[in-house]
Structures are given as C-alpha cells and as structure tokens.
Amino acid sequence: MIRLHISVYSDMVCPWCRIGKKNLSDAIAQWGDKTGEEVTVSYHAFLLDPSLPPEGLPFKQTMAAKMGGEHRLAPMLDRVKEAGAAVGVEFRWDRVTRMPNTVLAHRITALLPEDAREKWVEAVMEAHFEYGRDIAKQEVLMELANDLGFDAHGLAARLADGEGQAEVQADLDKAQGMGISGVPFFVIDNKFGLSGAYPAAEFVRAFEKIAEQRQG
C-alpha cells in the first residue's frame, strides 16, 4: 500500500493555517475511514512577515496598519472567527495582544521528532489564538514544550547552540523556490500543490484524484 504524504507549509501566527490544519486533519480521518489508508504529514516553516523583530510587535496596531485601518481589521477578524467556529476551532482575538515572531517556534518544530511535530504546532497555535500567549518568547515556548512532555531544558540548550536555524532557512528557501507566497500551502506526494484553507471535502476529493492517477 502506497501512503499519501503531505508537506504543509504554514506559520503558527496564520489563522487560516490553523483552519486549514483542522480541515486537513478531518480529511485524513475521513480518508482513513473510507480506504483504511494512512496519510503522513510533515510540517515546514513559513514566515508571514519576515520583517518582524525577534520580540514581535503590538497585534492590533500592526494588523490595522497592514489592513489599511482598524475599520477594516475588525470585519476580517470576525470572518476568521466565524470560519474557525464552523470547523470547530476557536479564535479569541480579545486575548491576542502581540504579533509574534515565530522563528523560535519553527526552530523547535525542526528539533522535534517527526511524530511529535503535529501536536507541537497545534499547541503553539492554540496558545496564541485561544489564550493570547506571546509565542515569540522562549520561556513561553519552553512551558508549552514541558506541558507536552518534551525535554524543555534539552531544547533550550540546542536552541542556544543555534540548532534548528539551518532547517528553518532550508524550508524558507524551498518555499521561495516553489513560488509559495502565501500559506497554508499543501504539497501532496511532492507534486500536487494546494493553496489555502481547503475544506475537508476538497482535500478528500484531491486524495481520490491522486489515488485514481496512481491506479491509472
């Protein structure tokens, strides 16, 4: 049996990445129920705003400037909140005060075993979007790592040694080479690209087409 593999390019501070991640997870579960086949997923770094300083910036002021004013920001946040609620994902914009730089979080993703990365990405997104925690801060990330049962002290030492930087840069370079300008971006079987927070049903249809091509 040939497994489907999906490479996910995303940023933990991207709300549509969180919605797309949930849709993908639901699609994988549906595909497994339908076919019995396993789908493997790997997570890759992308930076929505590479110009952010390491400590991040104030959320509302930064986003309002990008959107062209607070009068445009509020409706956009409402749309995201509604889209999240429709698939069972919560966004608490009233708690989010920082637009964090996610390089450290991505570096930790690269340092973790492949089978631990999904729950790490999920935990970081949840901390930011639901609890308003500042995921640019190493101490916050270490608390999350500890809560997940990871070796936080070991991870901190590896970060201090510069580990994870090369892997993150390699992801960013590869994304640029593929022409990825927005996320989430999904690469299926290293050849089929899907851009955006696709509904679960659309993912399943894509899986079906790929399975048909394999058989054909």
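In which loop is the place of P184? In this predicted model, P184 is found in the loop between α8 (165-177) and β5 (185-188). The peptide bond that leads from V183 into P184 is cis, with an omega near 10°. For comparison, most peptide bonds are trans, and most residues other than glycine have a negative phi.

Although D189 is not a glycine, its phi is positive, at about 55°, and N190, which is not a glycine either, has a positive phi of about 65°. What sets these two residues apart is their accessibility: D189 counts as buried because its relative accessibility is 18%, a value under the 20% limit for buried residues, while N190, at 63%, counts as exposed.

Further along, G196 is placed in the loop between β6 and α9.

**N23 and its surroundings**

N23 lies in helix α1 (residues 15-35), and it counts as buried because its relative accessibility is 5%. A polar atom of the side chain of N23 lies 2.9 Å from the backbone oxygen of Y198. Apart from neighbours within four places in sequence, N23 is in contact with V87, A197, Y198, P199, A200 and F203.

The table gathers relative accessible areas for residues discussed in this report.

| Residue | Relative accessible area | Class |
|---|---|---|
| N23 | 5% | buried |
| D78 | 45% | partly exposed |
| D189 | 18% | buried |
| N190 | 63% | exposed |
| F203 | 0% | buried |
| F207 | 0% | buried |

**Aromatic rings**

A search of the whole structure finds 9 aromatic pairs. In one of them, the rings of F59 and W93 have centres 5.6 Å apart and planes at 5°, and the pair is therefore stacked. Because F59 lies in helix α2 (residues 59-67) and W93 in the loop between α3 (70-87) and β4 (98-99), this pair ties together parts that are 34 residues apart in sequence. Both F59 and W93 are buried.

F203 and F207 form a tilted aromatic pair, with 6.4 Å from centre to centre and 35° between the planes. These two residues are 4 residues apart in helix α9 (residues 200-215), which means that about one helical turn separates them. F203 and F207 also belong to one aromatic cluster, together with W31, F186 and Y198. Elsewhere, the charged end of R18 sits over the ring of F91, at 5.7 Å from its centre.

D78 lies in helix α3.

In soluble globular proteins, nonpolar side chains tend to be buried together. The largest nonpolar core here has 64 residues, and among these W120, L141 and F207 touch the most other members. Leaving aside neighbours within four places in sequence, L141 is in contact with L104, A105, I108, W120, V124 and I135.

How many residues does helix α5 have, and what span should they give? Helix α5 (residues 117-131) has 15 residues, which should span 21 Å at 1.5 Å a residue, and the distance of 20 Å between its end C-alpha atoms agrees with this. The buried residues of α5 are R117, W120, V121, A123, V124, M125, A127, H128, F129 and E130. What covers them includes α1, β2 (39-45), β4, α4 (103-111) and α6 (138-147). After α5 comes G132, whose phi is positive, near 65°.

Technical notes. Residues are numbered from 1 along each chain as its sequence is written. This is a predicted model: local features need pLDDT of at least 70, side-chain atom pairs count only at pLDDT 80 or more; totals for chains, interfaces and linings use all residues. Side-chain values use heavy atoms; hydrogens and water are left out. Buried means under 20% relative accessible area, exposed over 50%, partly exposed in between (1.4 Å probe, protein chains only). A polar contact is a pair of N or O atoms within 3.5 Å; within protein, one must be able to donate a hydrogen and the other to accept it, and residues adjacent in sequence count only if both atoms are side-chain atoms. Contact means heavy atoms within 4.5 Å. Rings of Phe, Tyr and Trp (its six-membered ring) pair if their centres lie within 6.5 Å; planes under 30 degrees apart count as stacked, over 60 as edge-to-face and the rest as tilted. A charge sits over a ring if NZ of Lys or CZ of Arg is within 6 Å of the ring centre and within 35 degrees of the ring normal. A nonpolar core is a set of buried Ala, Val, Leu, Ile, Met, Phe, Trp, Tyr and Cys residues joined through side-chain atoms within 4.5 Å. The expected span of a helix is 1.5 Å times one less than its number of residues.
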